Amino acid sequence: MKYQEYLRNYGRRAGLVLLSILLGACLATGCKKKEPDKIDISSIHTTGAETMPAETTKAAPPQTEASSTESSAAGAGSQNVKNVSAKLNTYSSGKVSIEYPSVVNLEDPDKAAALDSLMKNNALSIIQAYGLNEAEDSLNIKCKVLSADRNRITVTYTGEVARKDSAYPTAVFYTNTIDVGQGKDLGFEKFADPYTMAGYVLSGDCRFVDASDERKEELMKYKNENSLDYYTKLFSGADFPFEGTFPESFSYEQDGDIYFSIPVPHALGDYAVIVYVPDNK
């Protein structure tokens, strides 16, 4: 009996020990399962922290769109301030045809109208200056716009005039440079000194524009038949405004070079254009 009781007590103790071992194992196993959970939680927080800037970036598109809209609005606004330019119109009456410019895209309509009137009157003044009968005398003038902006408009006129009883037509050349801001003509003295240019014409450095070698040779001879005083007076009275007598010389400036005309015999073309290139260009 004592032996059996001993066995029972031993079995209880062994069972308790085994149960303790099993519980310990379970507890150990349970703890190990919780560690990955902690890692997973940690990784979730880390992922969340990393996605926050991305969320900020996603919130940025509205701001970017707003910026784009502002840029587009600014671009549209700048397009409203268009570049000043010039277009050509044609006066036609009888045998007379004259092209002349008018300003485009100038915001001030009153100033634009004044400029248009000035340029048209200058272009057509040759009719009065030459005393032409528009029904009988022939005049054909083409206009070329060399430049047009908010500061200046520069145009040239070329063509021919033939009176009813004339044996041959005469070549015509004149120019017009307008100060847009002041609404007035700019003449020779705005571009160069008449006396200095007179000396240049009489020098061996004088350069003629659009002339054959043969014609240049003849022009070089002819120009020296006139005096320094003659050319000084010629250039001092060059260009518009037209005040009863049509100027015999016209000038303009382009790309820093100065162009001006002198009258020559019909055999040499009626007029010749000279170019002066400044040394400091």
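Predicted model: local features only at pLDDT ≥ 70, side-chain atom pairs only at ≥ 80, totals over all residues.

A: Two residues are said to touch, or to be in contact, when heavy atoms of one lie within 4.5 Å of heavy atoms of the other. Is serine 251 buried or exposed? Its relative accessible area is 1%, and since anything under 20% is counted as buried, serine 251 is a buried residue.

Setting aside residues up to four places away in sequence, serine 251 touches Thr175, Thr177, Gly187, Phe188, Phe191, Asp239, Tyr259 and Phe260. One of these neighbours, aspartate 239, is also a polar partner: the side chains of serine 251 and aspartate 239 are joined by a polar contact of 2.6 Å.

The strand that holds serine 251 is part of an open sheet of 4 strands, arranged in the order E7-E10-E9-E8 with antiparallel pairing. E8 is an edge strand of this sheet, as is strand E7 (207-208), and each of the two pairs on one side only. At the E7 end, 2 bridges join E7 to E10, and these strands run antiparallel; in that pairing, arginine 207 has valine 275 of E10 as its bridge partner.

In helix H6, which spans residues 228-236, the buried residues are Tyr231, Thr232, Leu234 and Phe235. Viewed down the axis of H6, these buried residues fall within an arc of 160°, so they line one face of the helix.

Tyrosine 195 has its place in helix H4, and with 52% relative accessibility it counts as exposed. Beyond residues up to four places away in sequence, tyrosine 195 touches Leu228 and Thr232. Its C-alpha atom is 8.0 Å from that of aspartate 229, although 34 residues separate tyrosine 195 and aspartate 229 in sequence.

Strand E3 (residues 138-148) and strand E4 (residues 152-162) run antiparallel and are joined by 10 bridges, forming a hairpin with 3 residues between them.

The largest nonpolar core has 34 residues, and the members that touch the most other members are Ile98, Ile126, Ile127, Leu139, Tyr157 and Tyr174. Two or more residues of this core come from each of strand E2 (96-104), helix H2 (109-129), E3, E4, E5 and strand E10 (271-276), with H2 giving the most, 7 residues. Leucine 139 shows how such a member is surrounded, for its contacts beyond four places in sequence are Lys95, Val96, Ser97, Ile98, Ile126, Ile127, Leu132, Glu160 and Val161. A second, separate core holds 24 residues, among them Phe191, Ala198, Cys206 and Leu219, and Phe191 is one of the residues that serine 251 touches.

Cysteines deserve a brief word as well. Cysteine 206 is buried at a relative accessible area of 6%, and cysteine 143 is buried too, at 8%, while a search of the whole structure finds 0 disulfides.

Stepping back to the whole, the protein chain has 6 helices and 10 strands, and 30% of its 281 residues count as buried. Among contacts between residues at least 6 apart in sequence, 55% join residues at least 24 apart.

Technical notes. Residues numbered from 1 in each chain as written. Heavy atoms only, no water. Buried < 20%, exposed > 50% of the residue type's maximum accessible area, 1.4 Å probe, protein only. Arc of directions from axis to C-beta. Pairing = 2+ DSSP bridges. Disulfide = S-S within 2.5 Å. Polar contact = N/O pair within 3.5 Å; in protein donor to acceptor, adjacent residues only side chain to side chain. Core = buried A, V, L, I, M, F, W, Y, C linked by side-chain atoms within 4.5 Å.
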